[in-house]
Amino acid sequence: ISPWNFPVAIFCGQVVAAAVAGNTVLAKPAEQTSIVAHRVIELLLEAGMPRDVVQLLPGDGPTVGSVLTSDPRITGVVFTGGTDTAQIINRSLAAREGAALPTLIAETGGMNAMIVDSTALPEQVVADVIQSAFQSAGQRCSALRVLYLQEDVADRVIEILDGAMKELRVADPRDLGTDVGPVIDEDARRGLLAHIEKLKAQGRLVAETRLDPLLTGDGTFIAPVAFEIDGIEALEKEQFGPVLHIVRYKAREIDRVLASINGRGYGLTFGVHSRNESFSEEIAKKVRVGNVYVNRNIIGAVVGVQPFGGQGLSGTGPKAGGPHYLLRFATEKTVSVNTAALGGNASLLAMGDE
């Protein structure tokens, strides 16, 4: 069960991983990207995958997804999407009477944070924040949601961030000059606008990208926006779009900051910007997340280099692109032979096995 935001990479990776481990696969893409998934399956079949190994089942969650996860013949589910949906899938699998205990591999959302201390380079921080929060219109599981700025440098970083956001161009992503494209659909746009309007009414706005008036009636565009909030605990849920939340903190409060981030229960990606190496190492050790990035953006994990996946409310593991991922699609079997009982044939058996 794959998401719409990486409709080829994640969908194809899940299907192929299950198939090469010896399973047959029922592939249900997100309903927003069914046509893309159809083309992926066509290409897999053209490449030689047997037709009885994989079946495409497009449709929405209530119509198709719930039927699949409640069927006792399903031995495992690999899912990427929202935490709430993962919990629904988990309950559906557990409720099946007489079915084998299933495997669930889930990679879900994150309330991803970045901590910036007073030694960080402001220009580098802003460049990485812009990429992390607004690239792909903030529609990555790994995208930056909460930026913690040490109060000594907060005003300067926000000033540079405001200027950088004013330079972003929101437009059709087919245009090479576009920095930020639309969000996935009208439902997503309405949900994000409700959150944005709520914080604007509270006087929390600190920076906003200009949205071309011609786009307001054509497409589901959201202008990148940044607000100041009191802490990560003020957010009720992940806002899956180009919305950044900024929190100021005092240096002596760093342990409290980490406790509040860990306390939310999400654990996908995290960033730290500091030229103090021991500070970065200490933060990386204490934060409970799957992927920590130091002095860089927090998106774009490279398969085989930074295996991707979280913990807690952000997923079950094992990490995609890591050494343990493929093994989770298989069931181990141990065969133990008492070769002494074979007498003179023992050496022959050993040679034959080799």
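Which residue in S4 is the bridge partner of Val-78? The analysis rests on a predicted model, in which local features need pLDDT of at least 70 and side-chain atom pairs count only at pLDDT 80 or more, while totals for chains, interfaces and linings use all residues. Residues are numbered from 1 along each chain as its sequence is written, and side-chain values use heavy atoms, with hydrogens and water left out.

The protein has 10 helices and 13 strands, taken as DSSP runs numbered from the N terminus (helices: H or I, at least four residues; strands: E, at least two). The C-alpha trace spans about 80 × 50 × 40 Å along its principal axes. Among contacts (heavy atoms within 4.5 Å) with a separation of 6 or more, 71% are accounted for by residues 24 or more positions apart.

The bridge partner of Val-78 in S4 is Ile-105. This pair belongs to strands S3 (residues 76-80) and S4 (residues 103-107), which run parallel and are joined by 5 bridges; strands are regarded as paired if DSSP finds at least two bridges between them. Strand S3 is largely enclosed by the rest of the structure, because 4 of its 5 residues are buried.

Gln-150 is placed in strand S6 (residues 146-150), and its relative accessibility of 8% means that Gln-150 counts as buried. Leaving aside neighbours within four places in sequence, Gln-150 is in contact with Val-116, Asp-117, Ser-118, Tyr-249 and Ala-251. With Ser-118, a polar atom of the Gln-150 side chain lies 3.1 Å from the backbone nitrogen.

Lys-286, by comparison, lies in helix H9 (residues 277-286) and, at 35% relative accessibility, counts as partly exposed. Beyond neighbours within four places in sequence, Lys-286 is in contact with Asp-255, Leu-258 and Asn-262. The side chains of Lys-286 and Asp-255 are joined by a polar contact of 3.4 Å, the term denoting a pair of N or O atoms within 3.5 Å of which, within protein, one must be able to donate a hydrogen and the other to accept it, residues adjacent in sequence counting only if both atoms are side-chain atoms. The C-alpha atoms of Lys-286 and Thr-75, which are 211 residues apart along the chain, are separated by 36 Å.

Terms used: Buried < 20%, exposed > 50% of the residue type's maximum accessible area, 1.4 Å probe, protein only.
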